[in-house]
Amino acid sequence: MTALARGWPVLAALLGHWRRHPVELATLLAGLAVATALWSGVQALNAEARASYARAAAFLGAETASEITATDGGRLALADYVALRRAGWKVSPVLEGDLRRGATSLHVVGIEPLTLPAEAGALSRDAGPEALRDFLLPPYRALAAPETVAALADARD
């Protein structure tokens with residue numbers, strides 16, 4: 001007996017059940033449609049996040065730089081950073097954290113501009129004294145997409 005022949009009694013039982021309970025069939029199909037839509041939405045959001053990180057990496061010159069991370073995926077200790085600098089490695093720390101302002105949540109990435117490579121463009125020492133001064137002194141400089149700035153301006157504390 002083939003697998004298809006063994007499956008017919010199960011299919012016949014389901015069709016008979018759904019014929020008597022059409023609301024259950026409708027909710028099953030609606031659930032599948034909603035699950036598919038949610039999955040598609042999550043995939044679209046992930047694609048946009050990857051594109052956003054790629055744009056940020058290109059802006060910071062990260063495509064030409066290597067990345068050093070802890071083997072366990074955690075943070076590097078300050079002692080490791082100091083040891084790398086003393087060994088002659090040109091490392092520049094990147095700090096990450098989450099900022100909440102009212103109902104708005106923002107993932108913030110911070111850099112240290114004095115050790116940033118020249119490939120970092122607008123944020124490196126080579127960008128000129130004005131760019132560095134604006135970044136280090138009040139009222140400070142931050143780089144964000146216009147949509148992010150608008151969302152933070154609209155957020156309430």
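User: Before anything else, what makes two strands a pair here?

Analyst: Two strands pair if DSSP finds at least two bridges between them; strands themselves are DSSP runs of E with at least two residues, helices are runs of H or I with at least four, and both are numbered from the N terminus. Strand β1 (residues 94-101) and strand β2 (residues 104-111) are joined by eight bridges and run antiparallel, so by that rule they count as paired.

User: What should I know about where the model comes from?

Analyst: It's a predicted model, where local features need pLDDT of at least 70 and side-chain atom pairs count only at pLDDT 80 or more, while totals for chains, interfaces and linings use all residues. Residues are numbered from 1 along each chain as its sequence is written, and side-chain values use heavy atoms, with hydrogens and water left out.

User: How confident is the predictor in the protein, going by pLDDT?

Analyst: pLDDT is the predictor's confidence in each residue, on a scale from 0 to 100. The protein averages 81, and 85% of the residues score at least 70.

User: What is the overall layout?

Analyst: Five helices and two strands, in the order α-α-α-β-β-α-α along the sequence.

User: Why is Leu116 called buried?

Analyst: Buried means under 20% relative accessible area, exposed means over 50%, and partly exposed is in between (1.4 Å probe, protein chains only). Leu116 has 9% relative accessibility, so it counts as buried. You'll find Leu116 in the loop between β2 and α4, with its C-alpha 9.8 Å from that of Val94, 22 residues away along the chain. Across the protein, buried residues make up 11% of the 157 residues.

User: And what makes β1 "hardly covered"?

Analyst: The count of buried residues among the eight in β1 is zero.

User: Which residues does Glu112 contact, leaving aside its neighbours within four places in sequence?

Analyst: Ser92 and Pro93, where contact means heavy atoms within 4.5 Å. Glu112 and Pro93 are 19 residues apart in sequence, with 6.2 Å between their C-alpha atoms.

User: What makes Trp8, Leu11 and Leu15 a patch?

Analyst: Patch members need over 30% relative accessible area and no salt bridge; nonpolar side chains (Val, Leu, Ile, Met, Phe, Trp, Tyr) are joined within 5 Å, like charges within 9 Å. A salt bridge is a side-chain nitrogen of Lys or Arg within 4 Å of a carboxyl oxygen of Asp or Glu. Take Leu15, in helix α1 (residues 3-20): its relative accessibility is 45%, so it counts as partly exposed. Together the three form a nonpolar surface patch with about 300 Å² of accessible area, computed by the Shrake-Rupley method with a 1.4 Å probe, where for residues only the protein chains shown count as cover.

User: Where is the peptide bond that is cis?

Analyst: From Pro138 to Pro139, with omega near 5°. Pro139 lies in the loop between α4 and α5 (146-154).
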